[in-house]
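Please read this report with the sequence and the model side by side. It describes the chains and then turns to selected details.

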Amino acid sequence: MLTVIITLAVTASIFGLILAYSSVRFKVEGDPVVDKIDTLLPQTQCGQCTYAGCRPYAEAIANGEADINQCPPGGEATIIALADLLDVEVKPLNAENGEVKTLPTIVRIDEQVCIGCTLCIQACPVDAILGAAKQMHTVIESECTGCNLCIPPCPVDCIHIFEVKPTIRNWTASLPDAEFVAPSAG
Amino acid sequence: MTEYALILLSTVLVNNFVLVKFLGLCPFMGVSRKLETAIGMALATTFVLTLSSVSSYLVNEYILIPLGLEYMRTIMFILVIAVVVQFTEMVVHKTSPLLYNVLGIFLPLITTNCAVLGVALLNVQQQHNFIQSLFYGFGAAAGFSLVLILFAALRERITVADVPEAFQGTSIALITAGIMSLAFMGFAGLVKV
């Protein structure tokens, strides 16, 4: 009787140790949910969601600190995708974070007016503004995400919003109307 | 060498675990709806079956028999199988997250796949040595994989076929499995092990 108990206990402990070792050895790194949320966000790093960028916002959503409707650049499409991924209700964009833009925009600096104060360079989250103190600044249009964060700091209001005209290079087919979106497969 | 070839032939065709011994029917019916999941399940089961066959042989030979605890075989083998399945789950999760998602609940359910315990117990009953246990376990897994994949491929075609209403769904699947089992009866007497 005692042999049975001891044998079983010892064998089970050895197996437990093997499993404990392999759970450390074959540990899966990273939280895959944060990565999935991050890929759905538009990566404008605009900070309109009140977080420092898209990745911190994704982490906040994964931790349940932030709601899914705080991303104006992503708009309704991002909210629907996030609701689908997280299995929660779709809700309209939170107006406190901004408005949805129908067309993608970029900013340009009126170079005649610019005084070279560098304030907009510090505000730009994606380093799309080129310039130095007392030198004229300019926006690298291919890098600009249209977050408009550089507009409030400008002391001379020389930054203006332009809609991006679709060209052969950046044209994409427009999304269908929301009512025609197929229900996700169950 | 002939002996091992005969063990393989016997377990894969003549004494097929699913269609002749009727072991492991749960995953056979449960995971055979799609060919990809069937292949994934077949791979995972092959790994688990071979490993658990060998390790239960070792446990039996070097722990249970020297201590005279042969009557504890079943509970010990269940422990071994549970550990092997857990280990497999960790390895699959690490190496192939996609396969991990596809297999889902069926991966831990290999624990309760009676074919796995059946192989371990039959190894003892037929007094296999280490190499024979290895081949017996692998052969059983290969036979299981063969019929699971064949059955999944059949079922994929059956879903688009014009089946009478009374036979739709699981009924036609069970009838198909029965006919496959009849077909495998044809291998009986091919080899005698």
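Predicted model: local features only at pLDDT ≥ 70, side-chain atom pairs only at ≥ 80, totals over all residues.

Residues are numbered from 1 along each chain as its sequence is written, chains are lettered from A and ligands numbered from 1 in the order in which they are written, and side-chain values use heavy atoms, with hydrogens and water left out.

**The two chains**

For the complex, the predictor reports an ipTM of 0.73 and a pTM of 0.59. Helices (H or I, at least four residues) and strands (E, at least two) are DSSP runs, numbered from the N terminus. Chain A contains 5 helices and 4 strands, arranged along the sequence as α-α-α-α-β-α-β-β-β. Chain B, by contrast, has 9 helices and 0 strands.

The table sets out further values for each chain. In it, a residue is buried when its relative accessible area is under 20%, exposed when over 50%, and partly exposed in between (1.4 Å probe, protein chains only). Accessible areas come from the Shrake-Rupley method with a 1.4 Å probe, and for residues only the protein chains shown count as cover.

| Chain | Residues and buried share | Accessible surface | Carbon and sulfur share of surface |
|---|---|---|---|
| Chain A | 186 residues, 29% buried | about 12200 Å² | 58% |
| Chain B | 193 residues, 46% buried | about 9500 Å² | 69% |

A contact means heavy atoms within 4.5 Å. Among the contacts in chain A between residues at least 6 apart in sequence, 53% join residues at least 24 apart. In chain B, residues 24 or more positions apart account for 77% of the contacts with a separation of 6 or more.

The predictor's confidence in each residue is the pLDDT, which runs from 0 to 100. Chain B averages 87, and 98% of its residues score at least 70. Within chain B, the lowest confidence is in helix H5 (residues 97–103), with a mean of 73, and the highest is in helix H8 (residues 130–160), at 92.

**The largest cavity**

A cavity is a set of points on a 1 Å grid over the protein atoms alone where a 1.4 Å probe fits but cannot get out; lining residues have an atom within 4 Å of a point. Grid points are joined across faces, edges and corners, and a volume is the space filled by probe spheres set on the points. Over the whole structure, 3 cavities of 30 Å³ or more are found, and the largest holds about 70 Å³ of space. Its lining includes Pro125(A), Val126(A), Thr145(A) and Cys147(A).

**Residues in the loops of chain A**

Thr44(A) lies in the loop between helix H2 (32–40) and helix H3 (54–62) of chain A. Is Thr44(A) buried or exposed? Thr44(A) is buried, because its relative accessible area is 9%. Leaving aside residues up to four places away in sequence, Thr44(A) touches Cys54(A), Pro73(A), Pro125(A), Val126(A) and Thr145(A).

Most residues other than glycine have a negative phi. Gln43(A), in the loop between H2 and H3 of chain A, has a positive phi near 60 degrees. Gln43(A) is partly exposed, with a relative accessible area of 33%. Thr118(A), which is not a glycine, also has a positive phi, of about 65 degrees. Thr118(A) is placed in the loop between strand E1 (105–109) and helix H5 (119–123) of chain A, and Thr118(A) counts as buried because its relative accessible area is 19%.

Note on methods: 1 Å grid on protein atoms, 1.4 Å probe; cavity = no way out; pocket = protein on both sides within 12 Å on 5 of 7 lines; lining within 4 Å.
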